[in-house]
Each structure stands twice: as C-alpha cells, then as structure tokens.
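I opened this notebook to record what I looked up in one structure.

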Amino acid sequence: QLSNRLEAVAKLVPQGSFLADIGSDHAYLPAHLILNHQITGAIAGEVVKGPYESAEKLVNDLLLTDKIDVRLGDGLEVIKPYDNVSAITICGMGGTLIRDILERGKNKNRLTRKELLILQPNVGSHVLRHWLVENHYIIQDEKILSENDKTYEIIVAEASDRKVELTESEELFGPVLMKESSDVFKAKWQFELEQYERVINQLSQSKTNQDKKIAQINHQCDLIKEVLS
Ligand code: SAM
C-alpha cells in the first residue's frame, strides 16, 4: 500500500515507461508500478547503503529482480546510456537536493533530455522550477496534495528546444497549481502567509535594523495575497 503522495506520483508515470527512481529508499514506487503492469522495468537508485539494502530486499522478496535493477550510486550516475530510461522520478527530498542531483546528472551527461521528469520536492519547489526553466524544460503538469498534515507538490517536466520563462509568481506557486487554485493550494499559502506575517512582527521588534529583510518578506506576502485574492 503506497502513501497518497507516492500514489499521486505513480499516476503521473506514463504507461510503458522504463523508469529510473532516484533515492528510491525501499523501492516501493517502482515495485508498485511493476506489479500494476504500468512500467516495463526500472532502476532503483540509492546513495545510502541502508536504503539500498532495503530496496534489494523488497525486490528479492517480491521476485522482481528481472524487472527492477537496484543500484548503489549518487543521483543520476546509476543510469547508463544503454538503459534507455524514459521517465525519472525523484521524490521525497528537498527541492535544492533534487536540483543538485539534476545539475550533477546533466554535467555528467546522464540526462538525454528524452526522459520525462516527475519530481516531488518536500520543500523549495521554486528552486526546482527555476532550474527547469534555465535548462529549457517545460512544466507539463503539477499536483498538490496533503497527507498527515504535510503538503506535497509534484512537478512533471519535459525537455524543450526553447526557454519558456515563468513569472516570479509562477516560479513560486507553480504555473499549473496557481491556475488551478485548489483548496489544498489555498490552505498551504494561507498558512505560509500567516507564518511570514509572524516573522515580520518579530523582526520589527528587533533592536537591529531589519528593514531589508522585512521588505523582502513583505514582497513575498504581497505575492501570496495576490494569488489568494
Ligand atoms: N523516494 C522515496 C519516497 O519518496 O518515499 C524515498 C524518499 S527518502 C526521504 C530520500 C532518499 O533519497 C533516501 O533514501 C536517501 O538515501 C536518498 N538520497 C539522497 N540523496 C541521494 C542521491 N544523491 N542519490 C541517490 N539517493 C539519494
């Protein structure tokens, strides 16, 4: 039984994909997709020995060793040119970490630009959107959901031959998510707004000059108020 978060990611993986799930931990996602006949095969990549061994154990226990190749290595380095990966999932990490994995992978020629990227940052999704834009990826789809009092965003992106800029708000909120403006989206940003306002309150009581910081946060608040209006 997958979490709602990974279930939502699973739904975005195209039928018939060959998947590389990076930071796979227990390999729950590729195992679920194979058992549902949604993908033809997968690489489960892990950089840490413990999770790598958990992934190996699950794949062995489910007798899926001919379908899921568990590999120990950093980020996209586990992908080899002959793998013909058509989709990459990187889930459950911070946006900055996911961006760094993509950047290192790009520099080491591990991205063919034919792969669909399905990314689920726990925080800092704007960092990831910025990288995607700068590297000429187009955001095709986005999802937002909440589970156990946490909100998760999922970004689906494909490579393009041109750069499609995002506005500051689109980068922060997500072009698809802000258009959709779901209840989960509104609740998330209402909560963020309250947090920012609390910080401004604290900063304005500080003895040192915090004007620059306050102005920055005020700007964020204005963007949030606009998207919620
Ligand atoms: N993807 C799973 C999910 O969404 O439930 C597991 C998320 S878990 C919080 C993050 C995993 O990413 C950890 O198992 C960690 O070892 C792995 N990880 C972190 N940095 C990595 C990297 N550079 N390359 C591969 N795996 C990495």
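Predicted model: local features only at pLDDT ≥ 70, side-chain atom pairs only at ≥ 80, totals over all residues.

**Entry 1: aspartate 149.** I applied the cut-off here. Aspartate 149 has 5 other C-beta atoms within 10 Å and is therefore exposed. I located aspartate 149 in the loop between β6 (137-147) and β7 (150-159). Its phi is positive, about 65°, although the residue is not a glycine. I recorded the background: most residues other than glycine have a negative phi.

**Entry 2: arginine 113.** I found a positive phi of about 75° at arginine 113, again not a glycine. Arginine 113 sits in the loop between α4 (95-107) and β5 (116-121). With 13 other C-beta atoms within 10 Å, arginine 113 is partly exposed.

**Entry 3: the chain.** I read off nine helices and seven strands. Of the 229 residues, 34% count as buried. Among contacts between residues at least 6 apart in sequence, I noted that 68% join residues at least 24 apart.

**Entry 4: dimensions.** I asked what radius of gyration the chain has beside that of a compact globule. The C-alpha trace spans about 60 × 40 × 35 Å along its principal axes.

**Entry 5: domains.** I looked up the division into domain 1 (4-165) and domain 2 (185-228). The C-alpha centres of domain 1 and domain 2 lie 33 Å apart.

Terms used
Residues numbered from 1 in each chain as written. Helix = DSSP H or I, 4+ residues; strand = E, 2+ residues; numbered from the N terminus. Rg over C-alpha atoms; globule rule 2.2 N^0.38 Å. Buried ≥ 20, exposed ≤ 12 C-beta atoms within 10 Å, placed from the backbone. Contact = placed C-beta atoms within 7 Å. Domains from an automatic or database assignment.
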